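Let's take a walk through this model together, with an eye on its aromatic rings and one of its helices. Here is the structure to follow along with.

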Amino acid sequence: MLMNGVGIVGWLHSLACTIGLIAGALMLMRTKGTAAHRKTGWIYVIAMLVATITTFAIYHFDIRFAPLRVGPNIFGIFHWESVATLGFLLLAVFAAPRQARAPWAYLHPASMLATYYMLVGGLINELFVRLTPLRNFAMSQLHGHGNPAQSPVVGITQMLAMLGFCVLLAWFMTKVALWRRREARTAIAVAAE
């Protein structure tokens, strides 16, 4: 495992990401709306806040679009992804207590899934950059030149992760729609009594 040059902020970022990955996986598996779901949700939110905020202090490698430049000391795509993740995280927290009304019921799970997708995407990149066997495989596709995270195998892995999250998003949006329909029928039945 290649961890040379990782400072205290990098280790804190990695720890927060690990906690976020575990808490996020638990939230995906657990029954929604329970006390355990809310407690795990807050652990996830705090971990994600630490993970995204520490990203703004990490400048070892990034990609800036205009003009296209790759290397250290750039506020680039990974930092902008952290800005987007913070936005989705704040939207999810704001939407959570408002799920009785239509848009918020859909925005909470969609925003939470978006933050988790960003976290998993970062994990995929880090695995191919830090784990020697995966790094060597990725570099073999680049013929030893470039960043392993830019290899085709990483792109394919990222696309498969995106496909998986699209399936999860469809699943949760369907569950929310069915739950809302059930709630509406219950409200109509109670009003009719």
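**Rings and a helix**

Phe 94 counts as partly exposed, because its relative accessibility is 39% (buried is under 20% relative accessible area, exposed is over 50%, and partly exposed is in between, with a 1.4 Å probe and protein chains only). The model is a predicted one, where local features need pLDDT of at least 70, side-chain atom pairs count only at pLDDT 80 or more, and totals for chains, interfaces and linings use all residues. Residues are numbered from 1 along each chain as its sequence is written, and side-chain values use heavy atoms, leaving out hydrogens and water.

Now look for ring pairs, meaning rings of Phe, Tyr and Trp (its six-membered ring) with centres within 6.5 Å; planes under 30 degrees apart are stacked, over 60 edge-to-face, and the rest tilted. The count comes to 4 aromatic pairs. In one of them, Phe 94 and Trp 104 have ring centres 5.1 Å apart and planes at 75°, so the pair is edge-to-face. Another pair, Tyr 116 and Phe 165, is tilted, because the planes stand at 55°, with centres 6.0 Å apart. Both Tyr 116 and Phe 165 are buried, and together with Tyr 44 and Tyr 117 they form one aromatic cluster.

Finally, turn to helix 1, where the buried residues include Gly 10, His 13 and Cys 17 (helices are DSSP runs of H or I, at least four residues, numbered from the N terminus).

Terms used. Helices (H or I, at least four residues) and strands (E, at least two) are DSSP runs, numbered from the N terminus.
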